[in-house]
Amino acid sequence: QVIFVSQSGASAEVGPVTERLAPGATLVGVTNVPESPLGAAAWDLLPIMAGPGEAFMATRTYTSSLAVLWLLAGRLLGARRDAGQLVAAADAMAGLLGEGEGATARWMEQLGEARTLVFVGHGPHAATARQAAMMLSEWARVPALGTGAGAFRHGLIEIVEPGVGVVLFAAPGPGYASTCALAEELRGYGATVLIVEHGHSR
C-alpha cells in the first residue's frame with residue numbers, strides 16, 4: 001500500500017510514482033484537489049479539505065494533511081480516534097493565531113538579529129522543524145534550516161556560535177528532557193535559543 005500526500009495532487013512526482021506501482025499495489029491519495037491526477041489514480045482518496053486560496057495555503061494544507069494522516073494511522077492500527085481531539089486542536093490553533101502579533105514581537109526581539117536560523121525537532125517534530133524552515137524561507141525570504149534533533153547533533157551543530165538562532169520544538173514524551181538539555185548546551189555555545197512548547201515560546 002502506497003500513501004501519497006500532495007496538496008495539488010499534480011506535483012511532478014505523481015506520474016512517475018503511479019506509473020511504477022507494482023501490480024496489486026493500492027494507492028491512497030491524500031490531496032486538496034480530488035479531481036487532480038493523484039485523485040484520479042488513487043484507489044482510495046482522502047481529501048484534506050483545506051479550502052481554496054493562495055495566501056498561507058501551505059500552512060493549511062500541512063495541518064490538514066496531519067489531521068487526515070492521524071485519522072488514517074488510527075484506522076490502520078485499529079485504534080479509536082476521537083475526532084473531538086481534532087476540533088480541540090483547531091480551537092487551540094485559532095487561539096494561538098489570535099496571539100500572533102504578540103508572539104511575532106517576542107520572536108523578533110529574540111531572533112531578529114540572528115545571522116542563521118535553524119529549526120530542530122525530535123521525532124514527529126522533525127517534520128514541524130522542516131515545515132517551519134520552509135515557510136520562513138518561502139514567505140519571509142529568510143534563509144533557514146530545518147532538521148531532526150539526531151541529524152542536527154551529528155552535523156549541523158558544528159555551525160552553532162554567537163549569531164545563530166535555534167528554535168527547538170519541545171513536546172511531552174521521551175524526547176522532552178533531551179530537547180531541554182540541548183537548549184542549555186546550545187546556549188553554552190553562545191546561540192540564541194527559543195523553545196516552542198504547546199505553541200508558546202520561551
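The model on screen is a predicted one.

Now widen the selection to strand 1 and strand 2. The two strands run parallel as a pair, with five bridges between them. Keep strand 2, residues 27–31, and look at its cover: five of its five residues are buried. Which residues of strand 2 point one way, and which the other way? Leu27, Gly29 and Thr31 take one side, while Val28 and Val30 take the other, and all are buried. In a regular strand, side chains alternate between the two faces of the sheet.

Go back to strand 1 and select isoleucine 3, which is found there. Its relative accessible area is 37%, so isoleucine 3 counts as partly exposed.

Next, move to the largest nonpolar core, which has 16 residues. Select Val120, Phe152, Val166, Leu168, Leu182, Leu186 and Val193, the members that touch the most other members. Strand 4 (116–121), helix 7 (149–153), strand 6 (164–170), helix 8 (176–188) and strand 7 (192–197) each supply at least two residues of this core. Strand 6 gives the most, with four residues.

Stay with valine 193. Leaving aside neighbours within four places in sequence, valine 193 is in contact with Gln110, Val166, Leu168, Ala183, Leu186, Arg187 and Arg202.

Last, select Ala133, Ala144, Val167 and Val196. They are among the 10 residues of another core, which lies apart from the largest one.

Technical notes
Residues numbered from 1 in each chain as written. Predicted model: local features only at pLDDT ≥ 70, side-chain atom pairs only at ≥ 80, totals over all residues. Heavy atoms only, no water. Buried < 20%, exposed > 50% of the residue type's maximum accessible area, 1.4 Å probe, protein only. Core = buried A, V, L, I, M, F, W, Y, C linked by side-chain atoms within 4.5 Å. Contact = heavy atoms within 4.5 Å. Pairing = 2+ DSSP bridges.
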